[in-house]
Amino acid sequence: MGALQYAGPPSSSGTDIATKRTVDTVIKGATTNQIAVEAAAEAAVASRVTKEYVDKQDSRYAPITEYKTKDDARNVLKTSVNTPDNPVSLPISASRFTNTLGSGYIMGPYGWQGLDTPTSSGSAVQIASLTTDAIPQGKRFWPVCFGQVLVTASDTGCLPVIEVRSGGGLMLANGRGRSMFTGGQGITAMPVGGTTWPESNGTPLTVTMWLSDLNGRSVTPKDGSTIAIGGSVYIMVAS
């Protein structure tokens, strides 16, 4: 088979038309390799940045629409302040709330005072008392009273009882000692829950502690300086 003749435009120089043999010879004699190509590629892009870098930088900026539309949506007109479903001005006063904040609070503790050591032979005798601060007018409240009393029983037939009452006679706490016991014994009065909380008239509350014996025997606080040990009264005030 005869060689194909070149059918292109006439050449103007000796290098315009190269045969495969000529190309193979050039490639064979060149020094180009992978390392040289990678080095040349790195040199070509040395003054360039990657697409990842450009995308990251773009994310730092917001379009014009951000402050022309979205930013407006985040602002509140001054005329909207202190109107329903809008912010209120500071400081916030109690009148801004339909109900009082919280579910209530506690007054106290108030320690027992007016300690005395009378002897009871059945009828109750007062052995301690205290007066609280004035309870806010119109507030519902309930006293929570604790008291520990060291009493002396005269004989084995005694059954001493401690009661704590409000000024109006309402039972607030009670406790009883051990029967068939002679000598000193400790009695702890624990709070009694109230089904209906009274409403304050704005005055302090007087609370008294009483000692008696269920069997009508002779009992007395053992030492006036230590009765109502650790005892105190708290006033729970509803909001």
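By class, eight nonpolar, four polar and one charged residues make up the lining of the largest pocket. Here Ala, Val, Leu, Ile, Met, Phe, Trp, Tyr, Cys and Pro count as nonpolar, Asp, Glu, Lys and Arg as charged, and the others, Gly among them, as polar. This is a predicted model, where local features need pLDDT of at least 70 and side-chain atom pairs count only at pLDDT 80 or more, while totals for chains, interfaces and linings use all residues. Residues are numbered from 1 along each chain as its sequence is written, and side-chain values use heavy atoms, with hydrogens and water left out.

Back to that pocket. Its 13 lining residues include Phe141, Ser166, Pro198, Glu199 and Leu205, which lie nearest the centre, and the space inside comes to about 160 Å³. A pocket is an open set of points on a 1 Å grid over the protein atoms alone, where a 1.4 Å probe fits, with protein on both sides within 12 Å along at least five of seven lines; lining residues have an atom within 4 Å of a point. The volume is the space filled by probe spheres set on the points, which are joined across faces, edges and corners.

Now for the largest nonpolar core, which has 30 residues, with Trp112, Ile162, Val164, Val207, Met209 and Ile235 making the most contacts inside it. Strand β3 gives the most to this core, at seven residues. Such a core is a set of buried Ala, Val, Leu, Ile, Met, Phe, Trp, Tyr and Cys residues joined through side-chain atoms within 4.5 Å. Strands are DSSP runs of E, at least two residues, and helices are runs of H or I, at least four, numbered from the N terminus.

Thr152 also sits in β3 (residues 141-153). Thr152 counts as partly exposed because its relative accessible area is 26%; buried means under 20%, exposed over 50%, and partly exposed in between (1.4 Å probe, protein chains only). Lys222 is 70 residues away from Thr152 in sequence, yet their C-alpha atoms are 5.2 Å apart. Ser232, over in strand β9, is buried, since its relative accessible area is 12%.

Lastly, the charges: there are two salt bridges, each needing a side-chain nitrogen of Lys or Arg within 4 Å of a carboxyl oxygen of Asp or Glu. Lys51 pairs with Asp55 at 2.8 Å, N to O, and both lie in helix α3 (residues 51-58), four residues apart, about one turn of the helix. Glu163 pairs with Arg165, with the closest N and O atoms 3.0 Å apart.
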